[in-house]
Amino acid sequence: MRYMRWIGLGLTIIFMGACSSAPQGDVTPTVEAILSSATPLSTLTMTASATIVEQTLEQVSVSSLTPTATAAPPTETYTPSPTPGPYEYTIQANDTLGF
């Protein structure tokens, strides 16, 4: 049984050696430069500027601490559309319930 393992290991090494990534035969890959035909984009330059914004706070007085109830928005009720039917069907030979 041990010789079967060694034979299997040897065959695996032989097959792995045959699977190289090198080109087969007389084919030699060539490398070719690809030139871009796109025009260069203009660059956007931003300058910093300061803006002064004045904010005014308004004081509001609260007359009641008890919350008041407000009406909830109305909800839509689904109304099913009428289904046409009933249909009549006469069972025939070889009919099944499947599709």
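**View 1. N94 is an exposed residue, with a relative accessible area of 79%.** Exposed here means over 50% relative accessible area, buried means under 20%, and partly exposed is in between, using a 1.4 Å probe and protein chains only. This is a predicted model, so local features need pLDDT of at least 70 and side-chain atom pairs count only at pLDDT 80 or more, while totals for chains, interfaces and linings use all residues. Residues are numbered from 1 along each chain as its sequence is written, and side-chain values use heavy atoms, with hydrogens and water left out. N94 sits in the segment after α1. Its phi is positive, about 70°, even though N94 isn't a glycine.

**View 2. Y89 and D95 meet through their side chains in a polar contact of 2.9 Å.** A polar contact is a pair of N or O atoms within 3.5 Å; within protein, one must be able to donate a hydrogen and the other to accept it, and residues adjacent in sequence count only if both atoms are side-chain atoms. Y89 belongs to the segment after α1. Is Y89 buried or exposed? Y89 is exposed, at 60% relative accessible area.

**View 3. L11 lies in helix α1, which covers residues 2-18.** Helices (H or I, at least four residues) and strands (E, at least two) are DSSP runs, numbered from the N terminus. L11 is partly exposed, with a relative accessible area of 42%.

**View 4. Zoom back out to the chain, and you'll find one helix and zero strands.** Of the 99 residues in the chain, 0% are buried.
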